[in-house]
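Have the sequence and the 3D view open, and look up each residue as we reach it.

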Amino acid sequence: MGIGASAERDPERLRPAVALETALPPADEQVAPLTSDGIAQFGDRLRHGIRQGMLIRDDVLDVALAALLARGHLLLEDRPGVGKTQLARSIAGSVAGRFSRVQATVDLLPTDILGATIWHAATGAFQFHPGPVFANVVLVDELNRATPKTQSGLLEAMQERQVTVDGQSHPLERPFMVIATQNPTEGYDGTYPLPPAQLDRFLARVSLGYPTAEQEAALLREDPEPPTAPTGSLRQLLAAQAGVDRIDASDLLLRYVVAVLRGTREHPLAEAGASPRSGLQLLGAARARAALLGRDFVLPDDVQALAPAVLAHRVQAVAAAPPEAGLEVVADVLRQVPAR
């Protein structure tokens, strides 16, 4: 079992050799939503599938699954070699999804990610050639090594689930998830910090961290696992996402979320707090967590469990604040705002 044992396998191997009976429906077809019990069972299968190919902490896997079921994007901030790429591959492989990878560099252009319109002399017409963003799970490795122009090229894709090239809009595949990685900026030359508008598109930011001594010894002892075998399908994922939308959130719960957001904006360490978009994504992630636990209603516990990962990277700290001021702001707000 490998924490980063992905090497450079062919991403097409993540797709099943034969079509599942639960093949992806047409874009205009609605799938029947799963119940909370069905989502919990689906989540258990995904956990098992992801753990087949890597070592991962429970809290990080919880956030990753919540982001997936809430139709969100995930930002992984950590040192090289701890399994960030393998997590993205494992998520795609567990649902038989199409995986693509972009290695961000300073000379990467937006068209290298989105695609380009090319003239074909044989046909006498322009034809759009889609880029790697046209996949179910897109890994953008070391996103902060790309220039701000290239980083901004992802904004429309992440928010609108489409890309516009030469005035023509092209819808992306569904489900669609961007998993981006970035190295810590301290001590890394040639990086461009992600602007607030880019950070706000990511539902959550997490760090995988180093394995325990026992886990690392097991990693050295055992051969890397093959690519993750599918434990679900894209159709089932769409049904689970539709079911998450139906999880009940009471008015009291909504007021609690609003109070948490306002608390981040009024904290003395915050130059700017969490945005209204972050409130929508926090609620979506809380709904996903509740469903993964088999509940059809959201509790403040769900909000509190996910608030650090969802809100901390959106808090713009004052100039004199410490590096992890965002986490401190969220922790203070959760202690101060009454949940009931």
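A crossing of two helices is called left-handed if the near helix is turned anticlockwise from the far one by less than a right angle, and right-handed if it is turned clockwise. Helices here are DSSP runs of H or I with at least four residues, strands are runs of E with at least two, and both are numbered from the N terminus. With that in hand: α10 passes α11 in a right-handed crossing.

Before going further, note that this is a predicted model, where local features need pLDDT of at least 70, side-chain atom pairs count only at pLDDT 80 or more, and totals for chains, interfaces and linings use all residues. Residues are numbered from 1 along each chain as its sequence is written, and side-chain values use heavy atoms, with hydrogens and water left out.

**The whole chain**

The protein chain has 13 helices and eleven strands. Of its 340 residues, 51% are buried. Buried means under 20% relative accessible area, exposed means over 50%, and partly exposed is in between (1.4 Å probe, protein chains only). A contact means heavy atoms within 4.5 Å. Among the chain's contacts with a separation of 6 or more, 80% are between residues 24 or more positions apart.

**Helix α10 and its partners**

Back to α10, which spans residues 251-266. How do α10 and α11 pack? Their axes are 10 Å apart, at an angle of about 135°, and α11 covers residues 276-292. Axes are lines fitted to C-alpha atoms, for helices over the stretch in contact, and the angles run from 0 to 180 degrees between N-to-C directions. Angles under 35 degrees count as roughly parallel, over 145 as roughly antiparallel, 65 to 115 as roughly perpendicular, and the rest as oblique. That's why α10 and α11 are called oblique to each other. From α10, the contact uses L253, L254, V257, L261 and R265, and these meet P276, S278, G279, L282 and L283 of α11. Sorted by type, the residues of this contact are seven nonpolar, two polar and one charged. In this sorting, Ala, Val, Leu, Ile, Met, Phe, Trp, Tyr, Cys and Pro are nonpolar, Asp, Glu, Lys and Arg are charged, and the others, Gly among them, are polar.

Now for α13 (residues 325-336): its axis comes within 9 Å of the α10 axis, and the two cross at roughly 135°. So α10 and α13 are oblique to each other too, and their crossing is right-handed. Here Y256, V260, G263 and T264 of α10 meet V329, V333 and L334 of α13. That contact divides into five nonpolar residues, two polar and no charged.

Where does H267 sit? Look in the loop between α10 and β10 (270-272). H267 is buried, because its relative accessibility is 10%. Not counting residues up to four places away in sequence, H267 touches V329 and D332.

Helix α12 (residues 300-311) belongs in this picture as well, with P300, D302, V303, L306, A307, A309, V310 and L311 buried. These buried residues pack against α2 (58-69), β9 (204-206), α10, α11 and α13.

**Aromatic pairs**

How many aromatic pairs does a search of the whole structure find? It finds two. Rings of Phe, Tyr and Trp (its six-membered ring) pair if their centres lie within 6.5 Å; planes under 30 degrees apart count as stacked, over 60 as edge-to-face, and the rest as tilted.

| Pair | Centre to centre | Angle of planes | Type |
|---|---|---|---|
| W119 and F126 | 4.9 Å | 65° | edge-to-face |
| F128 and F134 | 5.8 Å | 65° | edge-to-face |

Are these residues buried or exposed? W119 is partly exposed at 47% relative accessibility, and F126 is exposed at 60%. F128 is buried at 17%, and F134 is buried at 10%.

**Two strand residues**

Q127 is in strand β4 (residues 125-130) and is partly exposed, with a relative accessible area of 41%. Leaving out residues up to four places away in sequence, Q127 touches A116, T117, I118 and H120.

V137 lies in strand β5 (residues 137-141) and is buried, with a relative accessible area of 4%. V137 and R89 are 48 residues apart in sequence, yet 8.0 Å apart in space, C-alpha to C-alpha. Beyond its neighbours within four places in sequence, V137 has contacts that include A88, I91, F99 and M177.
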